[in-house]
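The following report describes a model in terms of its chains, its interface and its ligand surroundings. Please read it alongside the sequence and coordinates.

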Amino acid sequence: MDNTRETSFLKFFLQELKPKGKIITPFNVITVIIVIISAVILFFRFTKGLGSVMDASQTRPWGLWINFNVITGVAFAGGAYVVTFMVYILGLEKYRPIVRPTVLYGLLAYMFYAGALLLDLGRPWKVINPIIGNSFGLSSVLFLVAWHFILYMIAEVIEFVPTIAEWAKWKRLRKIFLSLNLAAVIFGIALSTLHQSGLGSLFLMAKAKIHPLWYSEFIPILFFVSSIFAGLSLVIVSESISQKVFKNIMSTLHVKSHKNIIISLGKICAIALFVYFSLTILVFIHGKNYSYLNTPWGYWYLVEIIGFVVTPCMVFLFGFRLNNIRLVRIAAIMSIIGIILNRMNISTIAYQWYENSLHFPSWMELIVSIAVILVQIMVFRWIARRMPVFNESPAWVKVKKGIKLVA
Amino acid sequence: MSLVRRDFLKTLGLIGASLTVGKSLGATTKKKNKTEFYGVLIDTTRCVGCRACEWSCAEANGLPEPTEDEGVKIRKTSVSRWTAVSEYGTEDNPIYVKKQCMQCMQPACASACLTKAMNKTDEGPIVWREDKCMGCRSCMISCPFDVPKFEYDSPNPKIQKCQMCFERLEEGGVPACVENCGGDALLFGKRKDLLEVARSRIYNNPDDYYHHVYGEHEVGGTGVLYLSSVPFEQLGFREDLGTTAYPEYNKNFLYSVPVVLILWPVFLLGLNNSTKENKKLNEKKTDNHG
Ligand code: SF4
Ligand code: SF4
């Protein structure tokens with residue numbers, strides 16, 4: 001690239017940096033306040049130690065940042081691999097409009113949740129150890145998850161570069177990365193399968209500490225299957241919100257296909273939930289856990305399974321049958337709550353259950369957790385308002401034949 | 001565990017990450033299985049609850065000195081107390097139990113550690129290495145005995161746990177607690193020999209002992225072994241931990257990783273091709289019709 005092009009890109013970039021849309025909105029104000037408070041909290045965290053802000057203990061080592069942002073949040077980022085699977089592998093063109101938003105959401109989710117992980121590490125300056133190869137804990141599940149996170153992020157970046165290139169008018173770059181797309185998608189799906197289940201495997205050695213209703217050797221499989229409907233439910237909710245927020249920049253195709261896509265996703269969710277439910281039943285029978293059912297823990301378990309697995313499954317099904325988008329949205333919200341319940345049960349609520357003490361995160365942990373999510377949404381919005389995520393690709397993309405359909 | 005490692009190596013090769021770890025790993029896996037690990041036999045029937053072990057532990061490891069008013073009740077180890085003596089039993093018949101890291105034969109903590117900061121040495125003790133640890137606390141999640149302790153109140157936190165005086169062992173010594181035990185309750189030696197001693201004590205005094213050596217089989221065997229006069233449950237030991245070595249619980253998952261990484265992409269690529277072909281066919285059909 002010659003000088004003039006660089007400077008012109010710089011100008012363009014600076015131009016784009018300026019906020020688009022109203023600045024003083026309730027959302028922005030709240031976000032800024034929460035982010036400022038988090039900054040203060042994080043200052044204490046790094047100068048006084050994790051214990052000063054976090055309600056973790058020697059028997060419950062992980063707090064909200066890992067258990068909620070990482071373990072739960074990553075399940076919701078599962079939409080990216082499911083949608084790319086449907087569009088690029090199965091060739092289901094119908095879902096193409098949502099590829100870019102989902103991939104962007106996935107990419108940001110991984111970036112921010114990996115960030116949350118860093119906040120939680122006691123000695124984050126050593127994080128490079130398992131990466132540069134002077135200390136490989138090869139039998140460690142977390143080692144595997146960490147590597148898969150990194151590799152998956154690279155795959156997601158590759159998938160998203162064409163969008164950035166269309167925005168910045170880097171035609172060559174766009175072409176190069178498009179040619180890598182299928183490989184990135186395939187690799188990304190394989191990595192996702194593994195790290196979604198890997199997150200569950202982190203708890204395999206906590207056998208003695210997790211209530212038997214939630215612990216089983218099949219946790220990895222359950223985590224994987226549930227990431228399918230977790231990811232898609234989040235797509236349903238976020239697409240529905242985007243319909244309103246990004247209305248004026250959304251391509252007509254995106255607007256028109258919305259209902260059809262949501263309803264079809266609802267059907268897939270219903271199937272995935274049904275498979276998940278069948279698996280939990282099998283696991284339950286396999287674990288011979290009947291005696292626990294008639295205890296408070298058993299009731300709580302039933303709330304999760306009946307209330308937030310079976311019920312959303314039915315509601316999805318009805319929504320699909322009746323072609324009712326509202327029902328599908330309601331079901332999506334329920335299944336999101338169900339996933340949060342499940343992950344928090346395993347990692348926090350039913351963890352060290354025999355202590356019989358309710359465990360609440362500190363308000364400071366909570367604020368930082370929320371801040372991470374809010375900033376992620378901010379960045380998402382910034383990108384979506386500028387790059388062709390919801391709207392159509394710029395005209396020059398379409399001129400060339402053959403690649404018209406690329407994401 | 002060695003199998004897991006080897007398989008996993010293959011995986012990494014597949015990922016294409018250029019990792020050059022083969023050498024060091026191969027070496028450790030071979031050596032480990034040959035040596036007989038050291039351990040400590042703790043005979044709670046002999047312990048008088050003097051807590052001399054706590055003092056000597058603190059001195060040997062640079063921990064703050066124990067205080068009298070910590071007392072002997074039911075206590076847990078902590079960041080500043082690697083070993084702690086608790087009192088169980090009744091007032092007339094107290095039973096004192098020293099607890100610390102069990103120095104598992106196949107430690108969950110080390111297998112959970114992604115930096116190998118937790119590391120089982122060839123001698124048997126599991127040591128923690130400051131220069132490697134990134135403070136993720138997976139070791140704490142995984143340890144069935146809740147042994148590793150984390151310094152929550154430090155900006156430069158460390159994991160604290162008993163390391164069986166690894167450095168003293170290297171110099172040919174014995175753990176400080178064993179050396180200073182006031183009641184002849186602690187015995188240091190090769191684990192195999194300790195088991196013999198434990199069994200013969202039970203055999204010779206069948207009425208004084210509960211007939212079980214805690215740690216012989218628990219979680220795949222531990223380096224620290226316990227004898228007791230009452231069922232171990234009454235001394236705060238968990239008897240529901242099973243005899244499976246903890247790293248085994250990860251095995252299925254770790255084994256499946258290379259399989260998924262090879263088969264999934266191949267399958268996906270095949271699927272992708274067939275979709276493409278189908279599409280072409282369909283297009284042709286519509287062309288013909290048109
Ligand atoms: S008792 Fe816990 S810390 Fe000690 S070796 Fe076993 S797993 Fe590791
Ligand atoms: S906290 Fe340190 S020693 Fe424990 S698993 Fe993490 S890196 Fe390993």
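## Chain B

Of the 290 residues of chain B, 52% count as buried, where buried means under 20% relative accessible area with a 1.4 Å probe and protein chains only. The model is a predicted one, in which local features need pLDDT of at least 70 and side-chain atom pairs count only at pLDDT 80 or more, while totals for chains, interfaces and linings use all residues. Residues are numbered from 1 along each chain as its sequence is written, chains are lettered from A and ligands numbered from 1 in the order in which they are written, and side-chain values use heavy atoms, with hydrogens and water left out.

Chain B has 9 helices and 9 strands, assigned as DSSP runs (H or I of at least four residues for helices, E of at least two for strands). Among its contacts (heavy atoms within 4.5 Å) with a separation of 6 or more, 56% join residues 24 or more positions apart. Chain B exposes about 13,800 Å², and carbon and sulfur atoms supply 52% of that area, as computed by the Shrake-Rupley method with a 1.4 Å probe.

## Interface with chain A

The interface brings 63 residues of chain B into contact with 70 residues of chain A. The area buried between the two chains, that is, the accessible area (1.4 Å probe) lost on being put together and summed over both, is about 5,700 Å², with carbon and sulfur atoms giving 65% of it. On the chain B side, Ile141(B), Tyr152(B) and Phe253(B) lose the most area to chain A, together 14% of what that side buries.

Between chain B and chain A, 4 salt bridges are counted, each defined by a side-chain nitrogen of Lys or Arg within 4 Å of a carboxyl oxygen of Asp or Glu. A salt bridge is formed by Lys279(B) with Glu93(A), whose closest N and O atoms are 3.3 Å apart.

## Ligand surroundings

Ligand 1 is surrounded by 14 residues, counted when a heavy atom lies within 4 Å, and the closest are Cys101(B), Met102(B), Cys104(B), Cys109(B) and Cys143(B). This shell divides into 12 nonpolar, 1 polar and 1 charged residues, in a scheme that places Cys and Met with the nonpolar class, Arg with the charged and Gly with the polar.

Around ligand 2 there are 13 residues, of which Cys113(B), Cys133(B), Cys136(B), Arg137(B) and Cys139(B) come nearest. By class, the shell of ligand 2 has 9 nonpolar, 3 polar and 1 charged residues.

Notes: Buried means under 20% relative accessible area, exposed over 50%, partly exposed in between (1.4 Å probe, protein chains only).
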